[in-house]
Each structure stands twice: as C-alpha cells, then as structure tokens.
Amino acid sequence: MTGIVAGSAILYLIRRDHLAVHHGAWWITAGFSMLGLGLFPPLVNGFAKLIGVTYAPIVAVLIAFVALLIKTLLSDIDASKGEVERHRLVQRIALLEARIQDLESQQTER
Amino acid sequence: MPYDTTYIVIPAHEEERSVGAVVAGLYELPHVRVIVVDDASRDNTAVEARRAGAEVISLCTRLGAWRATQAGMRRALFLGAKRVATVDADGQHTPKSVGILLEEAAKGKSDVVIGADLARGSAFRMLAWRLHRKFSGLALRDLTSGLRAYNAKALRLLAGRSATSYLYQDVGILLLLQRDGLSIVEIPVKMERRDDGHSRIFGTWASVLRYMVYTMIIGITKRNH
C-alpha cells in the first residue's frame with residue numbers, strides 16, 4: 001500500500017518538475033523495492049533465514065535504513081559540490097563587475 | 001605594471017572604521033597595489049576603501065574571510081600578479097610589519113612567508129594553537145596569522161577549486177600548501193591590538209566551538225604524514 005502511494009507521489013513530483021529525474025530514479029527503485037517486499041513476504045523471510053536472523057521483518061527495516069543512510073550521504077556530497085560552485089560563481093560575478101569597471105573607465109579616458 | 005609589484009589583498013566585512021587608514025598606510029610602501037574585497041558589507045567599507053585609493057571588488061553574498069581573500073587573489077592573478085600579500089582590515093597589521101614581510105618575500109627563498117606574532121592573544125589562543133598543531137602535524141607556531149605573502153606558485157594553487165571548499169585560511173590552507181610541496185616560513189613581526197577589540201573567530205562561544213571542531217577535523221583528515 002505504502003509502496004503504491006509513494007510510487008505515485010514520486011511520479012507526480014517528477015512530472016511537475018519538483019524532483020529532478022536522476023533523483024527520481026533512486027526513489028522509483030526504492031518505491032518498487034518497497035512494493036516488492038510488501039507483496040512478497042517470503043522473499044524477506046527467505047533472506048532472513050539465509051543470513052541467520054530470527055526476526056525476519058527487521059531485515060526489511062535494516063535494508064531500508066542502510067539505503068536511507070547512503071542516500072543522505074550522497075545528498076550531502078552533492079550539496080558540498082554545489083556550495084563550491086556557488087561560491088566560485090559569486091567570486092566570478094565580482095571579478096566580472098571589476099572588469100566592466102576597468103572597461104568603463106578606459107572608455108571615459110578616451 | 002612593473003614585475004615586482006605586490007598586490008595586497010584585504011578581505012573586509014563591515015570595517016568602515018578602520019579600512020581607510022589601513023589602505024592609506026599600505027600605500028606608503030613601495031610597489032604595492034591594494035585590492036579590498038568587500039564581503040557583502042552593509043556599511044561604507046567599500047566607499048572608505050576606494051576613497052583611500054584601493055581597488056574594491058564587492059561580493060554580492062557573504063562568503064567569509066577566506067573565500068573573500070580568494071576572490072582578491074583571483075583578481076590579482078587576472079591583473080598579472082606575481083606576489084600577493086594578505087593583510088587584515090582591522091589595523092592589526094601595521095605598514096611596518098607588512099614592509100618586513102614583503103622584504104623577506106622578495107628574497108624568494110620560500111613560497112609562502114607568514115608574519116608571526118606569538119606574543120599576541122590570550123592563553124586560550126595559545127592553547128588552541130598547540131592543539132591544532134598536534135592534530136595537523138604542522139610545525140608552524142602562529143597558525144592563525146592573516147599576515148602572509150604568497151608567490152605565484154602558491155597563488156595559482158590557492159586561487160583554484162580545491163582551495164574554495166575551505167572555510168578558514170588557517171590549518172586547512174596551510175596543509176594544502178604543504179601537501180603540494182610548497183615551502184612555508186615564519187618571520188617574527190609585531191602586531192597591534194585590534195581597533196575595536198573583538199575577534200572575528202573568537203567572538204562568540206558558538207563561533208569558537210565551530211572553529212575548533214572544524215579545524216580539528218581538517219587537521220585529522222588532511223594531515224600530511
């Protein structure tokens with residue numbers, strides 16, 4: 001149920017340009033996974049038995065948690081890169097304004 | 001411009017009271033051009049700096065002292081600078097001490113020259129220096145001095161992308177220079193007490209904490225072994 005609602009919400013957000021497509025790809029995968037696990041509990045149970053965990057549902061929670069952690073980390077890495085770009089742009093604007101002033105004063109000298 | 005012109009970059013945020021005098025004093029030194037970087041000040045910093053004869057570049061968003069300095073360095077490089085000195089806008093660095101710094105830099109024995117005043121600052125600052133020296137492995141005594149001279153090689157490195165991600169010009173930048181094999185030397189100078197008495201970094205407890213944590217992490221992660 002959650003998977004269906006989440007999946008629809010994500011598609012809507014992409015359509016309305018609130019969520020960029022490459023982020024959407026991640027969330028769609030997440031949505032489908034949630035759907036899959038929700039519709040096929042034996043998958044989780046089987047996997048849990050395989051790795052020796054007695055309480056199966058916790059495996060699903062664990063996977064979700066790790067996925068979220070990775071996503072947050074990637075997000076922060078993206079943000080850091082964005083900040084550097086932004087700072088260099090602010091510097092660039094100031095440099096360009098200085099060049100304009102150079103040219104304007106050359107003009108008035110003539 | 002003659003080859004041996006030194007461009008002096010002064011990052012300034014809300015320094016209308018002292019920047020004019022600082023710029024005027026610097027122009028008493030030979031072969032200098034002063035660039036004041038107005039870091040989104042809302043007061044008359046830019047006006048006062050211009051009136052004293054400096055070239056002023058204004059940032060539209062506040063970037064902090066280090067990135068403002070970097071903007072000044074990028075401008076200096078554009079203008080053909082082979083040497084840049086950084087000076088504070090609050091009057092701590094006297095023209096005499098800048099002169100001493102530039103004389104040493106002109107010798108060309110080192111890529112970076114730092115004007116160090118170990119007598120300044122509180123016991124807390126001394127403790128902070130000791131701590132950060134330990135974490136970063138840097139052998140320098142005055143880690144937070146803003147009075148420095150950089151040659152062309154250092155300039156090109158510090159004007160680049162890798163240097164933009166740093167928040168302060170202290171440990172991180174020094175480690176960056178060291179990692180790239182640049183030589184750094186300290187010479188003793190005397191600094192004045194700040195005009196208005198309050199430090200930028202050690203102003204509030206929150207900013208002190210932020211600085212200490214940031215610098216410790218930088219020291220540990222970016223250490224050159």
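This is a predicted model: local features need pLDDT of at least 70, side-chain atom pairs count only at pLDDT 80 or more; totals for chains, interfaces and linings use all residues.
Strands E2 and E3 of chain B pair in the parallel sense over five bridges; two strands count as paired if DSSP finds at least two bridges between them. Helices (H or I, at least four residues) and strands (E, at least two) are DSSP runs, numbered from the N terminus. In this pairing, B:Ile35 stands opposite B:Glu55 in E3(B).

Residues are numbered from 1 along each chain as its sequence is written, and chains are lettered from A and ligands numbered from 1 in the order in which they are written. The pLDDT is the predictor's confidence in each residue, from 0 to 100; chain B averages 92, with 95% of the residues scoring at least 70. The model has an ipTM of 0.90 and a pTM of 0.85.

E2(B) also pairs with E1(B), in the parallel sense and over seven bridges. Here B:Tyr7 has B:Arg33 of E2(B) as its bridge partner. From E1(B) the chain crosses through H1(B) to E2(B), again as a β-α-β crossover that is right-handed. E2(B) is mostly covered, six of its eight residues being buried. A residue is buried if 20 or more other C-beta atoms lie within 10 Å of its own, exposed if 12 or fewer, and partly exposed in between, with C-beta atoms placed from the backbone.

These strands belong to an open sheet of seven strands in chain B, with the order E3-E2-E1-E4-E6-E5-E7 and mixed pairing. At the edges are strand E3 (55–59) and strand E7 (184–188) of chain B, each of which pairs on one side only. From one strand to the next the twist averages 20 degrees. Helix H1 (residues 19–26) of chain B packs on the sheet, where H1(B) touches strand E1 (6–12) and strand E2 (32–39), and its direction makes about 165 degrees with that of E2(B). Axes are lines fitted to C-alpha atoms, for helices over the stretch in contact, and angles run from 0 to 180 degrees between N-to-C directions. Contact between two residues requires C-beta atoms, placed from the backbone, within 7 Å.

Strand E5 (residues 112–116) of chain B pairs with E7(B) in the parallel sense over five bridges, and B:Val113 stands opposite B:Val185 of E7(B). Both strands are among the elements that cover the buried residues of H8(B), as are helix H5 (123–136) and helix H9 (205–222) of chain B. Helix H8 (residues 171–179) of chain B has eight of its nine residues buried, including B:Val171, B:Ile173 and B:Gln178. Just after H8(B), B:Gly181 takes a positive phi of about 80 degrees.

Chain A has four helices and zero strands. Buried residues make up 5% of its 110 residues. The contact between the chains takes nine residues from chain A and 15 residues from chain B. On the chain A side, six are nonpolar, two polar and one charged; Ala, Val, Leu, Ile, Met, Phe, Trp, Tyr, Cys and Pro count as nonpolar, Asp, Glu, Lys and Arg as charged, and the others, Gly among them, as polar.

Technical notes:
A crossover is right-handed if, with the strands pointing away from the viewer, the path from the first strand over the helix to the second runs clockwise.
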